[in-house]
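Biologist: I would like to learn how to read the sheets, the cores and the overall layout of a chain from a model. Where do we begin?

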Amino acid sequence: MDTKFYKKNLEWTNNFVQRNIDAIERNYKKFPSKNRWNCNCHVVHDNDLDAEPIDYEFLRSEYEKIAIDFCESRGLKFNGLGPIWYNYYKSGQYQEPHDHDGGYTFIHYMIFDKNIHSSTKFTDKDIESPEIDQGDILIFDGKIQHYVPANDSTSPRLTTAFTFDTETVTPDKQINLDFLFPTPMWWTDLHLDTNAIANECYQLRDSQPDSRGRSTINGWQSDDLKFDVSQRSLLKLIDEVTMVSNNIFRSQYLEDGDRRTLTILNYWVCINPSGGYNARHIHPGSFMSGVYYVKCIEDGDQGSIQFHRPDLEDFIIRQHDLKHNDTSYPPVQGRLLLFPSQLAHSVDSNEMDSDRIAVSFNIGIND
Ligand SMILES: [Fe+2]
Ligand SMILES: [Fe+2]
């Protein structure tokens, strides 16, 4: 066990106490001996939702810097702070002997008069308590058992504390990360005559001016299209999409000898003028879906497609560091996106004065 102490004085201590003592007093009035242990002391953790919070955000950022310095000075890898708590001892209040089960213990003496208050004591008689001044922090091995004798003065004593982990101390506690079931998103740029496809899309709209409902709002969506040989450019697109999707299917899904193929089940055109957008939806009944951008302005704000997290994690935590709840792709003329049909998506509003044309399709498996 490492019995060396790390000590440092924090000059902002008094200032912090002044800003937070009223909240601490109000909490004390509510529950003067609240704690999670077996002592007589007022202890509030930063995750105690029934107590008024003190400025834990400030403490966390300051303490983290110190813990990182400490780790660097000892060649350790910093593994993160645990919850922060404060201990407020009025007359007669104390903490029984305990340890913090590994890692390091960090104590900050916030209100402390060395002439009347006892510093932290250690049950091992060979460990001498370091001399403490108001504002000091003390870091020591989390396995060292310690206690605080009863406050025999009328003046309160206040400390904050937390524990932190380092990698070499507890290598068995290393946290590993695997990603289960990642969501694929395939995209590629096709070299097709987008003007010719756009002309065919406008001809279709002229022949069937009423928009199909579905997800398109303030825009025009065709019915499912027939594989009509007079729409040569659209059929060429469909051939390309069939090739690309089968390429993915063969290389990423099929085992050797599996002869199944993918086929376009249905496809349709969507023309979104200024203000047109598509509400959130999925494409039921197919394996893979896609969109191809026939006409859009380069770098124009013509409505990105937004893909929404499938796992509802946004109900639990609002922001996710790995990927946010929505991931968007701006439209790029000539670009094809393919994605699993169950992946919910929507399209932002077209903010430009010019049409945005896309062809969408559903792709199924031929058994
Ligand atoms: Fe402790
Ligand atoms: Fe869609």
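Modeller: With a definition: two strands count as paired if DSSP finds at least two bridges between them. This is a predicted model, and local features are given only where pLDDT is at least 70.

Biologist: What is the strand order in the open sheet of five strands?

Modeller: In general, the strands of a sheet pair through backbone hydrogen bonds, either parallel or antiparallel. Here the order is β12-β15-β20-β17-β18, and the pairing is antiparallel.

Biologist: How many bridges join β12 to β15?

Modeller: Two, and β12 runs antiparallel to β15, which covers residues 277-281.

Biologist: Moving to the whole chain, how many helices and strands does it have?

Modeller: The chain has four helices and 21 strands. Its radius of gyration is 32 Å, whereas the globule rule gives 21 Å for 367 residues; the chain is therefore more spread out than a compact globule. The C-alpha atoms fill a box of roughly 95 × 50 × 30 Å along the principal axes.

Biologist: How is the chain divided into domains?

Modeller: Domain 1 spans 6-168 and domain 2 spans 186-366. Their centres, taken over C-alpha atoms, are 57 Å apart.

Biologist: What share of the residues counts as buried?

Modeller: The cut-off is 20 or more other C-beta atoms within 10 Å of a residue's own. By that count, 28% of the 367 residues are buried. As for contacts with a separation of 6 or more, 83% are between residues 24 or more positions apart.

Biologist: Which residues touch the most other members of the largest nonpolar core?

Modeller: They are Y86, F106, I107, L138, I139 and F162, in a core of 30 residues. At least two residues each come from β2 (42-45), α2 (56-73), β4 (85-89), β6 (104-111), β8 (136-141) and β10 (157-166). β6 gives the most, with five residues. Take I107 as an example: beyond its neighbours within four places in sequence, I107 is in contact with T120, I137, L138, T159 and A161. There is also a second, separate core of 28 residues, with C201, L234, V294 and L336 among them.

Biologist: What does N151 touch, leaving out residues up to four places away in sequence?

Modeller: Its contacts are Y89, K90, S91, G92, Q93, H117 and R157. For K90, compare the two separations: N151 and K90 are 61 residues apart in sequence, with 6.5 Å from C-alpha to C-alpha.

Conventions:
Residues numbered from 1 in each chain as written. Chains lettered and ligands numbered in written order. Predicted model: local features only at pLDDT ≥ 70, side-chain atom pairs only at ≥ 80, totals over all residues. Domains from an automatic or database assignment. Rg over C-alpha atoms; globule rule 2.2 N^0.38 Å. Buried ≥ 20, exposed ≤ 12 C-beta atoms within 10 Å, placed from the backbone. Contact = placed C-beta atoms within 7 Å. Core = buried A, V, L, I, M, F, W, Y, C linked by C-beta atoms within 7 Å.
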